[in-house]
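Dear colleague,

I am passing on the structure below, together with some notes on what was found in it. Please read the notes with the structure open beside them.

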Amino acid sequence: MKNRLIEIIKEAGEILKEGYYSNKDVTFKAKKDLVTKYDVGIENFLKNKFLEEFIDYNVIAEESDNSNIEFNNSIIVDPIDGTTNFVNQVPHTCISVGVYKDKKPYIGIVYNPILDELYEAEIGKGAFLNGEKIQVSNENDFQKALISTGFPYTSGTCEDDLNDVMIKLKNILPKCQDIRRLGSAALDLCYVARGTYEGYYEMNLKAWDVSAGIIILHEAGGKISNLDGSKYKLFEHKYIVATNGYIHDSLVSNL
Ligand code: IPD
Ligand code: CA
Ligand code: CA
């Protein structure tokens, strides 16, 4: 299944690439949350192919009405993660596809066609970037850890969420190496998986933002949890904390 998924996602990557270098009509779903015809076009392309070829699976996808779709044997799709980057031609943008069998993680694929970086993992078989095995960093000193985060779209409308973002930045910025905000949750998780970042946290993410990245990070030796350090549950938790494992407790306690 993984090889065929990769072929299809690479085809979809051509649509993303074409859109990246074109003029885009941008529509706003909310104050800060935007969407283009390419998000919808890539999603339709992937959905049609997946439903036709993987008949035991349903598809849960960002731009679709998922209200009648039960999470079980599911392919969870973010057609463009990092849409704000895509619109502004910041090359940190990707297609993210996570496959779950009986609700359990199975395959994760994240593809950035602009930089031609394909991250992939199948449970129990390791994680790979363009065919080369990847692993988390072994840095265990929190002061030397490069941490990534993201800002929720609700920061423009919900003061509690905005305050929470600011408090957490204030808590950890003096204690770590530095903080990055590159704008794609799926890629941020892959950057922890490849050892670029030691850790990552964010609030208010949706299942499609992280469905693939958490599988890739798990297979690269990383650790993923809720804000209190307990097991992260897709569709349930407000916060995700994801690290190389070595700095996990420090990140959780400093947040
Ligand atoms: C967003 C990106 C961003 C994160 C947002 C997500 P989108 O996804 O992953 O990094 O900070 O919370 O919603 O809207 O570009 O698919
Ligand atoms: Ca997303
Ligand atoms: Ca998206």
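In the side chain of tyrosine 153, an N or O atom lies 2.6 Å from an oxygen atom of ligand 1, a polar contact being a pair of N or O atoms within 3.5 Å. Aspartate 78 also makes such a contact through its side chain, at 3.3 Å from a ligand 1 oxygen, while serine 184 uses a backbone N or O atom, 3.0 Å from an oxygen of ligand 1. Taken alone, ligand 1 exposes 370 Å², of which the protein buries 95% (Shrake-Rupley areas with a 1.4 Å probe).

This is a predicted model, in which local features need pLDDT of at least 70 and side-chain atom pairs pLDDT 80 or more, whereas totals for chains, interfaces and linings use all residues. Residues are numbered from 1 along each chain as written, chains are lettered from A and ligands numbered from 1 in the order written, and side-chain values use heavy atoms, without hydrogens and water.

Around ligand 1 there are 16 residues (a heavy atom within 4 Å), and Asp81, Gly82, Thr83, Tyr153 and Glu202 come nearest.

Best regards

Conventions: Polar contact = N/O pair within 3.5 Å; in protein donor to acceptor, adjacent residues only side chain to side chain.
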